[in-house]
Amino acid sequence: MGRLCWRRRVLAAACLGAVLLLLWPVPRALRPESENSALGSGWLHGKKRSPLQMLYDLNKGPLSALAEVHRQRRDLLQRACSRHTRRQRLLQPQDLQHVLVDDTHGLLYCYVPKVACTNWKRVLLALNGSARGDPRSIPAHEVHAPGRLPSLADFSPAEINRRLRAYLAFLFVREPFERLASAYSNKFVRPYSSAFQQRYGTRIVRRLRPRPHPDALARGHDVRFAEFLAYLLDPRTRRDEPFNEHWERAHALCHPCRLRYDIVGKFETLAEDATFVLGFVGLPGLRFPAPPPPAKAATTHDQAARLFQDISPFYQRRLFDLYRMDFLLFNYSTPSYLRLH
């Protein structure tokens with residue numbers, strides 16, 4: 001598949017097989033209704049405004065408190081990208097596998113595992129008609145089955161560019177170390193994660209544990225958090241294969257400094273941010289599945305603090321450096337429980 005090229009908001013006629021590069025300082029142009037009609041059946045022939053047009057119209061008038069929050073997040077992300085990114089590797093279409101497409105409603109959603117992505121996939125399945133009824137009724141294993149939802153990587157360069165220009169793009173992020181702690185707990189501690197224990201746990205034990213017990217070598221069922229972090233920091237890990245998506249950095253999955261995201265939602269404000277996104281879809285009966293109660297959300301911070309308390313300042317610093325861009329781009333503070341000095 002050929003590569004892609006943007007010149008400001010329009011494909012350069014002279015682009016010869018190269019890059020996907022959306023220039024951040026330049027807002028995307030809204031496409032004419034006649035052009036939109038070729039893409040989204042839910043708003044074709046000018047029957048109603050597309051989500052991107054609705055957001056554009058919203059931003060022209062006085063903003064609600066929530067809309068102002070999202071405007072500030074976009075601006076902060078843009079400034080952080082300008083400040084902290086230099087020359088970067090050019091994107092290939094396969095780099096867009098995490099950007100899911102809803103052609104019916106004109107949406108692009110970049111999913112980040114451990115940031116409510118199962119429920120967002122449920123919502124997208126409900127939106128595109130692949131599943132009926134309450135999104136919560138869709139089993140998780142069906143949600144994550146390959147091929148259930150199209151991604152931008154499935155399309156030709158011309159079709160990718162068309163959707164990037166016309167669709168409302170959003171992603172949801174989470175405090176990086178709380179997401180990392182959640183991934184460790186979900187994939188290495190809980191008993192139903194035996195597949196991850198077999199694939200990654202055995203590898204971690206074999207590489208990093210002196211004189212491991214044969215049972216641990218065979219099952220990978222008792223990986224310690226310190227071993228997991230040492231595996232992430234080991235240069236051989238990313239040299240052998242890319243990080244698994246559950247602990248890959250959000251910016252490496254979604255490329256927010258090269259793709260313009262109209263809405264940056266956060267796990268910490270999931271309910272209100274999800275409602276804000278779905279407000280542009282125009283289906284009043286659709287509800288995002290209820291997030292965890294506040295008590296459980298608070299526990300994710302405590303869980304991360306508890307796991308990191310036994311990690312040396314040296315390794316805390318190295319891990320913070322590894323995930324630094326997610327902290328910077330999405331405006332997360334350095335966790336108070338870290339001992340970086």
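Is Cys-117 buried or exposed? Cys-117 is buried, at a relative accessible area of 6%. Buried means under 20% relative accessible area, exposed over 50%, and partly exposed in between, with a 1.4 Å probe and protein chains only.

The views below show a predicted model, in which local features need pLDDT of at least 70 and side-chain atom pairs count only at pLDDT 80 or more, while totals for chains, interfaces and linings use all residues. Residues are numbered from 1 along each chain as its sequence is written, and side-chain values use heavy atoms, with hydrogens and water left out.

**View 1. The open sheet.** Four strands line up as E1-E2-E3-E4, with mixed pairing. Strands (E, at least two residues) and helices (H or I, at least four) are DSSP runs, numbered from the N terminus. Two strands pair if DSSP finds at least two bridges between them. From one strand to the next, the twist averages 25°; axes are lines fitted to C-alpha atoms, for helices over the stretch in contact, and angles run from 0 to 180 degrees between N-to-C directions.

**View 2. Strands E2 and E3.** E2 (residues 107–110) runs parallel to E3 (residues 168–173), and the two pair over 4 bridges. Tyr-109 faces Phe-170 of E3.

**View 3. The disulfide of Cys-81 and Cys-257.** The whole structure holds 2 disulfides, each a pair of cysteine sulfur atoms within 2.5 Å. Here the sulfurs of Cys-81 and Cys-257 sit 2.0 Å apart. Cys-81 belongs to helix H3 (residues 65–84) and Cys-257 to the loop between helix H12 (250–254) and E4, so the bond ties together parts 176 residues apart in sequence. The S-S torsion is about -85°, so this disulfide is left-handed. Both cysteines are buried.

**View 4. The disulfide of Cys-110 and Cys-254.** Cys-110 bonds to Cys-254, S to S 2.0 Å. Strand E2 supplies Cys-110 and helix H12 supplies Cys-254, so parts 144 residues apart in sequence are tied together. A torsion of about -90° about the S-S bond makes this disulfide left-handed. Cys-110 and Cys-254 are buried. With the bonded cysteines of the chain numbered in sequence order, the pairing reads 1-4, 2-3.

**View 5. Helix H7.** H7 (residues 176–189) has 14 residues. Its first and last C-alpha atoms are 19 Å apart, close to the expected 20 Å; that expected span is 1.5 Å times one less than the number of residues. Of the 14 residues in H7, 13 are buried. At the start of H7, a side-chain oxygen of Glu-175 comes within 2.9 Å of the backbone nitrogen of Phe-177.

Notes:
Polar contact = N/O pair within 3.5 Å; in protein donor to acceptor, adjacent residues only side chain to side chain.
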